[in-house]
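Here is a short briefing for a first look. Please keep the sequence and the model side by side as you read.

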Amino acid sequence: MSKSLARSLIKWTLRVTPWVLALGLGAGWWLSAWTPGYLERLIPRLARDMGLPVAEFHIRSAGLFSADIGPVTLAAPSGDPADGLRLESVRVTYTPASLKLGRVHRVVIRGAALTASHDGQNFRLPLLDLLPATEKNPQAGKAPLPDLPLDELVIENSTLTLDLPGVRLFIPFAATVVLPDEVGDSLRVAATLRVRDQPVDVAAELGPTMDDVTMTMTTSGFRLASLGDLLPLAVGGDLDLDLTAALDLSRPQEVEATASAALHRPDLACLGLTLADGAPLRLAAQLADGNATAQLDPIALTGPHPLTLHVPEVSLSADAVHAAFTLASTATFPSGTIIPGIFEATREGDDWAVALSMEEKGSLRAVAGGRTVRLAGLALSLRGTVSPATPDRSLTSSAVLEARTRTSSLDGTDFATGAVALRLPLVWPVPGRHDSGRLTVAGIRAGGRAIGSMAATLRQEALGLRFSGHLDTPLLPKLRVPFAGTASLDTGSAALDFSVDRYDLPAGFDPGTLTPALAGVAVSGTLAIEGGATFDDTGLRTRLGLFVSDGAMAFGSEQRSGEKEGGVRLEGIRLFFESPDVIEFRSAPAQVLTIDRVSAAGIEMTEAVIAFQLEPGGVTLVERARFEWCGGHVESRAFRVVPGHDEYDVTLHCTGLRLSDLLAQLGLARARGDSTLSGELPVSWRNGQITFHQGFLHSTPGEGGFIQVEGLDDLVAAVPEGTAERSQLELARAALGDFEYKWIRLRADTVDRDLLVRLSLDGKPADILPFVYRKDIGGFVKIEGDIGGSHFQGVRLDVNFTLPLDRILLYKDVIGRIQ
């Protein structure tokens, strides 16, 4: 290129460029001024072409490539403003060329407010009423996708208001709609909803016709507790859901769908169930050809019973549901034991007939409240009808629950029953009053005794029961124990209370029916009984109170010479006994048994008080025992009585026993004066025999008195007259006939089956004795006539008495009953 040509190009460029810029700026200014007016004509025309009822439309600003419009309102055909659609702002991007063709590239909608409702049966979205109906394709018979004048639609910061029965949800959402580029392509939607601040992602495709829909919905970590007011049960946990569905809207019954769900950290406390830690609930389901199947992973429960529920498959159709399942757990049932069950539901008109049945004929165990219950077979069934909810009524159902087992027992105890049968009508919602059910338990046994049988009526109360009934027992004649209580499935708890305010034992009642050891004993008195049991997540707790008043007991009487004599009689018996655990059968501390009077073979004790505690295993701790005897007090230290143990040592501490009463009750002698004895009497129990070992009682210093010992005539007569031994015995008999003592000591020991009592006295005979000393024989001899006798001083006497324990303690009766 020559220099002259270059100069020419530069010169013309400089001359033409300002004009080109001026023309370009002028055209831009003209297009900017022209575009708003053009849009105000174009958009309403496009809306009319699309059949959208635009009621309000404003252009805020517009340029060569975009425009801000708003607000925009679409009027509802019903005329109700709430059914319309209001858009706070709409941003449209385009090019002048696309505008000329009546199209835009992208529409961004902000602040859309939609409404929807569901009345329990029908779903309504008023937005659909605003969209025009498209014409059918004559060949395909389906409506093709409309050719919309935009490429992409974006919805931001918008809200769906969903009205449900009794609650309104505000669901923020955002969505992107990509329209098909060519005929035959699909319209694609990607949306995110926040339901109670929980994200749910939805992806859908519509096409190639308006009837072809494919949708995928996913969520992760959705907190079910946020929907607690919408769910029929307050189930908690974090839900992962993946649902895919494809359907032809012209044949919705042919929908095909697959779903998988996992509920992590599930909370089923509302059902009274506790799942194993860290075990999620997993479900897979498929729907095709109008039939659905579902598979549920095994569910491991730790409460209220440790077991595993396995539902291998559930089949569902429009008219039937069928599911087979099993219950099994090595912690609950013997190894290899599985209880099968079947659930079935069949449509009958507008209602469903439902039936659930389970049966195990063999032995099985169930854990409740930390205890194991053994059952000899179990049959359970639930049959009834369910009426689904409609716009005019809520869900209703009625059924009858039946259960039975041949026998039951409680591990670790001797508690058992015969047949148990339950029949309970159930209704939902729970009416104020409806049919009652019945529970019967036969052959109740405990402690090796027949306790009786039980019958109760039951009524449903919310998610629980209220029951009342009675226990008929042969333990006491015509005794019927009424009881009442409640049970709640919602809280997994139950409570029972029973009481007998007053029961008068019949005169001469023989308690041999209670225990053979008491056969032949005549008992009377008044009983009062109260107690109960509670069960909750902490376990099973029981209690019992037994109160006896005006009690009396007599046994061991014998017929001698035609008259009744001897025997043991207890009068004024009062017992206060409370047990905080009837299953282990133990008592609270310091239970009290008092007896006003105990008499046996001339021996009499009064005001007996025994404080005791019954410990587990039948062990009895006698905390304190005391009684009044011979005007004084006898008391023992604490000791335990252990079943199967037949060796005991107890020391009785005696204080202030009147000598006169003691000798009279033992039949040893008569005494006058106020002298009292104190000391200890060690008592041993060995192989069913009572023995005394080196027991001693001594008088209080300074307290003397007089004693008369009789019954020595036979002993003296057994020795020949004229012998020194006879003289010594006659002197002792005379001295003991009326002896003034300064002190006295009594020792007690057991020799073979007799009680040997050694009586030591220091004093003098009260009168001059008719005896004189003779040197030729080295002893005293008795004199006759008016000849004066001897005045004895400082005499010490030791007298031995042998008493048969069989007579003193009615050995055969008392000891035999203790054994």
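**Aromatic pairs**

Phe576 counts as partly exposed, at 42% relative accessibility; buried means under 20% relative accessible area, exposed over 50% and partly exposed in between, with a 1.4 Å probe and protein chains only. This is a predicted model, where local features need pLDDT of at least 70, side-chain atom pairs count only at pLDDT 80 or more, and totals for chains, interfaces and linings use all residues. Residues are numbered from 1 along each chain as its sequence is written, and side-chain values use heavy atoms, leaving out hydrogens and water.

- Rings of Phe, Tyr and Trp (its six-membered ring) pair if their centres lie within 6.5 Å; planes under 30 degrees apart are stacked, over 60 edge-to-face, and the rest tilted.
- The count by this rule is two aromatic pairs.
- Phe547 and Phe576 form a tilted pair, 5.0 Å centre to centre with 50 degrees between the planes.
- Phe547 lies in strand S33 (residues 539–560) and Phe576 in strand S34 (residues 563–579), so the pair ties together parts 29 residues apart in sequence.
- Phe547 is partly exposed, at 21% relative accessible area.
- The ring centres of Phe577 and Phe612 are 6.3 Å apart and their planes are at 15 degrees, so this pair is stacked.
- Phe577 sits in strand S34 and Phe612 in strand S36 (residues 603–614), and the pair links distant parts of the chain, 35 residues apart.
- Phe577 is buried, at 7% relative accessible area.
- Phe612 is buried too, at 14%.

**Nonpolar cores**

- A nonpolar core is a set of buried Ala, Val, Leu, Ile, Met, Phe, Trp, Tyr and Cys residues joined through side-chain atoms within 4.5 Å.
- The largest core has 76 residues.
- Those with the most contacts inside it include Trp629, Leu697 and Leu761.
- Strand S46 (residues 739–751) gives the largest share of this core, five residues.
- Leaving aside neighbours within four places in sequence, Leu761 is in contact (heavy atoms within 4.5 Å) with residues including Ile707, Phe739, Trp743, Ile744 and Val799.
- A second, separate core has 62 residues, among them Ile109, Leu169, Ala294 and Trp352.

**The whole chain**

- The protein chain has eight helices and 50 strands; these are DSSP runs numbered from the N terminus, with helices (H or I) of at least four residues and strands (E) of at least two.
- Of its 819 residues, 36% are buried.
- Among contacts with a separation of 6 or more, 48% join residues 24 or more positions apart.
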